[in-house]
Amino acid sequence: MTHFDALETRTPEQREEDQSAALAALIDHAVSYAPGMAAHLGQPGRVDSREALATLPVLRKSDLGPAQKANPPFGGFAVGRLQHAFQSPGPIYEPGGTGDDWYRMGRFAHAAGLSGADLVQNCFSYHFTPAGMMFESGAAAVGARVFPAGTGQTELQAQAAAHLGVTAYAGTPDYLKAILEKADELGLSLAITRAVVGGGALFPSLRAEYADRGIDCLQCYATADLGNIAYESPAMEGMIVDEGVIVEIVRPGTGDPVAEGEVGEVLVTSLNRDYPLVRFATGDLSAILPGQSPCGRTNMRIKGWMGRADQTAKIKGMFVRPEQVATLVARHPEIARARVTATRQDERDQMLVQVEADDVNVEAVSGSVRDILKLGGKVEVVAKGSLPNDGKVIDDQRDYS
């Protein structure tokens, strides 16, 4: 397979030189035209190396909320008037652009083997979050056609995939299984041979199940704020960092880079001049892999998602944050404490919400869970004082090995 472009096979020295120049220009641009980023950075001087970048303050998602309230909608971090505004839990608002693979997903789509011969069933949401638009732009970058299916209505999804002759799937890792099983139930034959997934962990057992069905499944690491950060190639050795970002791995809670191979928090500087986020903390843990990918791409690789630096967990493709659990408790004064537990059953994420209370309306709490956490889950009432006294409000019990 040819590579997406020449950037993927640059020498490390050439990439460092190119990105250092781009970084210096980005910082100057952000200080001049993004007042929120300028206020956060202060007077950074010339930043034209990884060493200089490591001296700048870390930007966290918690910094964006207050800035956006003071200067809506994007807190002065975006430059110019962009086409879309999206909302993530918090709420936090993210800008979106439509020009020239704005989210940089084409590189991943190409690595996964998508081309103009494919019709992609895009099962990411097209509303509130940018995931649907992100994968739409990636498909367009490689010339693939798209069926914008969105989420839900599994029976209709299976029928459409069969009738249209869909050849590729885009969506969360779990949902493809639901479509395939519904197709089996309905006696439908599907032509899906490729899958590009994100928004949650791709467990090895699930990937193997897809492979048994003749479906090659690769995953990317992307966020609503940053677009594509890293992606798998057919070499299947870690994730290759995208050419449009600079990734650092730092000691959690600090901005200090760790040694190669040491697990730390992922910081990302996006070279997108429309939304120039600098040293943005993802809250995710990973580590740098030594060497280069056997596929010929020469950029740095990371091991992929290795957990959260905080208790935030991604369940069914949605982030669940400690502050959301606190909001749930505050809405129902009769609840003393609450705990969200994430598990896996039949290759699907399961969410249990336990609440300590003497007397509570379970139906009302279930409604609040859907409203606040944006997910459905089982609500279980337990006796006061029975939840573990370990400081956890989100307990992710899924096995990522």
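**Close-up views of a predicted protein chain**

**View 1. Pro91 sits in the loop between E1 and strand E2 (92-96).** Helices and strands here are DSSP runs numbered from the N terminus (helices: H or I, at least four residues; strands: E, at least two). Gly90 and Pro91 are linked by a cis peptide bond, with omega about -10°. This is a predicted model, in which local features need pLDDT of at least 70 and side-chain atom pairs count only at pLDDT 80 or more, while totals for chains, interfaces and linings use all residues. Residues are numbered from 1 along each chain as its sequence is written, and side-chain values use heavy atoms, leaving out hydrogens and water.

**View 2. Pro72 and Pro73 are also joined by a cis peptide bond.** Here omega is about 0°. Pro73 belongs to the loop between helix H4 (61-70) and strand E1 (84-88). As a reminder, most peptide bonds are trans, and most residues other than glycine have a negative phi.

**View 3. Asp101 has a positive phi without being a glycine.** Its phi is about 50°. Look for Asp101 in the loop between E2 and helix H5 (106-111). Is Asp101 buried or exposed? Asp101 counts as buried because its relative accessibility is 17%; buried means under 20% relative accessible area, exposed over 50%, and partly exposed in between (1.4 Å probe, protein chains only).

**View 4. Phe128 is a residue other than glycine with a positive phi, near 65°.** The loop that holds Phe128 runs between strand E3 (119-122) and helix H6 (131-141). With 51% relative accessibility, Phe128 counts as exposed. UniProt lists residues 127-269 as "domain: AMP-dependent synthetase/ligase" in an unreviewed entry; such annotations may be inferred rather than shown by experiment, and positions follow the numbering used here, with feature names shortened. The span 127-269 is 31% helix and 28% strand, and its end C-alpha atoms lie 26 Å apart.

**View 5. Ser205 lies in helix H9 (residues 204-212).** Ser205 counts as partly exposed, since its relative accessibility is 40%.

View 6. Of the 401 residues, 52% count as buried.
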